[in-house]
Amino acid sequence: MSLNRPTSYREISQLPLILALIWLTLFPAYSMADDFAPSRFSFNGFATLGAVRGGSEALGYRQDIAEDGVFEGDWSLKTDSLLALQFGVRITDDFDAAMQLVYEDRAINGIEESLKWAYLRYRLSPNVTARAGRIGLDLYMLSEYRHLGFSYLWARPPVEFYGAIPLEYFDGVDVGYTTSLGVGTLSTKFFAGTGSSAVDFVDSGDKLRVDKAIGATVSWETMHWQLRFSATTVEFNDDLQETFRTDDFIMGLLSAATLIKTQTPFDWTDAEHIADQISLQDVTANYYAVGISYDHAAWVIQSEINYYDAEDELFKSYTGQYLSVGYRIASTSLYGLVARGKQLKSREKVPPLPAELAPFAPALDPLLAGVQALYDLNYIDQHSLSIGFRWDVRYDVALKFQWDRTWVDDAGGLLWVQTTLTEKETIDTYSLNLNVIF
Amino acid sequence: MIKRQRLILLLITLLASPLQAGVVVIVNAENTVNDFNQRQLVDLYMGRDLYFPNGQMALRLDQSPDSKVRKNFYANLVGKTVAQVNAYWARLLFTGRASPPQVIRNSKDVLKAIRNNFNAVGYIDEKDLEDGVRVIAHVD
């Protein structure tokens, strides 16, 4: 926990979570009923008690976009720790309802943000199910379980791939179809809805809203292999301008240009161009991801590639990849992970003020610096190497240690809390996690 | 050289053969379902297909996570430890795809549950077999 920052209410409010996690870790209980009659209600959960040390002076480590950062020299117990509770009720054999709450450190932390999913599900046939309500967004291999540390080797999902996707769930419907195909099982899913997510961007009250998300997923799973492909199209809400404070910049730029035009013989043509670039209206994007995993005997290998295709100048097209190779020795696994995230266009630079407008520099330079910061906050260019081990202490408890070395290019940080403009950096992160399921 | 290879083979065979009796998969004696093959068993116990071939939902039973029979069952069926199977099931459970088999305290209670439930399916050590249930597969 931070020593050089004052203790806030937010930090104190995390204490019950940490205590609950310690309690759960010390007394893991198997909640499956002894009774053989199929029970109507179910209650399960999972938790992570994680200690992390990382970040630099300028870049604060976090594993979720809604969180505060951990800066150089700090240890944090709250950043990686979480508690999830899941309730299910079987109404009939074909009709059930489920709800999952994930309690973790977040900028805004109410029931609305903690509720990861809550839906009604109807099984139309053994092969077809339909759900309605709040549903996990199916965008990648760890869809709906990116917080479930017990199910994967790493201390956290690879940041270069997973860190760029702030949305986890949507409110809408999905329909899934499962059938046997060759030696495996083929699953397809279509979904549509709207989404919203708390993000700590300019300040902790920020929200990211998606008016429309439509997508499909196809996956094929055998005993040892899993292959999947997903495609999604999203339409962002126009309040994105507010979230990223681009409204203020646009107004500043355009009024400065008007002022210059009326008061001087010159014309600041760049202003309109920049205003146009940072406008966040009618932003749409397409997202594609492919993943493959192999899990057999001693080896656990997994790789994913995503491609975020956007026309917008602020949210540029982006690709993330990772490859993870794990080797099991008795109840421990050793693993290595390489990951890379990069925007496909080079870093945007604000054009310098033309020489004839030099007298306005004192007023305009801060504005241009602000725009540059906006470009840089959205710019991504980093890669990392991780090595770690997982030890299955018991059938429901796993202990992990992971070391990451991350190379962040000039202004290229992804997911970090960026306090100032950042230059090229190499950052080490050390994580110790205890994962339990119950 | 050949002799040595044979010796190693023999050692491997000895080490690999379970010293206790095999694990058997059982259903209610009145359940007329055909014998299950490995694929069907994997689909059933790994949550890919929760139904008997006649379309009835199977009530899957598991043994205590500490038990030797559970360890052997999953080691022989899918080559995974109980912790690995749990990690797999956690994924299915917490993504809402399927619920893991219900855990029954011991083999005696598994037998009782299967005698009392037409659609129940479970596994026990072969040496614990009793009347009132029918074996549909051997896992060893």
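How much space lies in the second largest cavity? In this predicted model, the second largest cavity holds about 280 Å³ of space. Of the 24 residues that line the second largest cavity, those closest to its centre are A:D64, A:I65, A:R146, A:P166 and A:E168. Two elements of chain A, α4 (159-162) and β9 (184-198), each supply at least two residues of this lining, and β9(A) provides the largest share, with three residues.

**Cavities**

The count of cavities of 30 Å³ or more comes to eight. The largest cavity has about 660 Å³ of space and is lined by 40 residues. Nearest its centre lie A:S151, A:D295, A:V300, A:R328 and B:R91. Both chains contribute to the lining of the largest cavity: at least two residues each come from β11 (225-236), β12 (284-296), β13 (299-310), β14 (318-329), β15 (332-343) and β16 (381-394) of chain A, and likewise from α4 (82-94) of chain B. Among the contributing elements, α4(B) gives the most to the lining of the largest cavity, namely five residues.

| Cavity | Space | Lining residues | Lining by class |
|---|---|---|---|
| Largest cavity | about 660 Å³ | 40 residues | 19 nonpolar, 13 polar, eight charged residues |
| Second largest cavity | about 280 Å³ | 24 residues | eleven nonpolar, five polar, eight charged residues |

**The sheet of chain B**

Chain B contains an open sheet of five strands in the order β3-β2-β4-β1-β5, with mixed pairing. At the edges stand β3 (102-104) and β5 (133-139) of chain B; each has a single partner strand, so one side of each is left without a neighbour in the sheet. On average, and with direction ignored, neighbouring strands of this sheet are turned by 35° against each other.

One residue pair can be named here: B:L61 has B:Q102, in β3(B), as its bridge partner.

Helix α5 (residues 107-116) of chain B packs on the sheet. The strands of chain B that α5 touches are β1 (23-28), β2, β3, β4 (120-125) and β5. The direction of the helix makes about 150° with that of β4(B).

Definitions and conventions: Residues numbered from 1 in each chain as written. Chains lettered and ligands numbered in written order. Predicted model: local features only at pLDDT ≥ 70, side-chain atom pairs only at ≥ 80, totals over all residues. Heavy atoms only, no water. 1 Å grid on protein atoms, 1.4 Å probe; cavity = no way out; pocket = protein on both sides within 12 Å on 5 of 7 lines; lining within 4 Å. Points joined across faces, edges and corners; volume = space filled by probe spheres on them. Helix = DSSP H or I, 4+ residues; strand = E, 2+ residues; numbered from the N terminus. Nonpolar A, V, L, I, M, F, W, Y, C, P; charged D, E, K, R; others polar. Pairing = 2+ DSSP bridges. Axes fitted to C-alpha atoms, helices over the stretch in contact; angles between N-to-C directions. Contact = heavy atoms within 4.5 Å.
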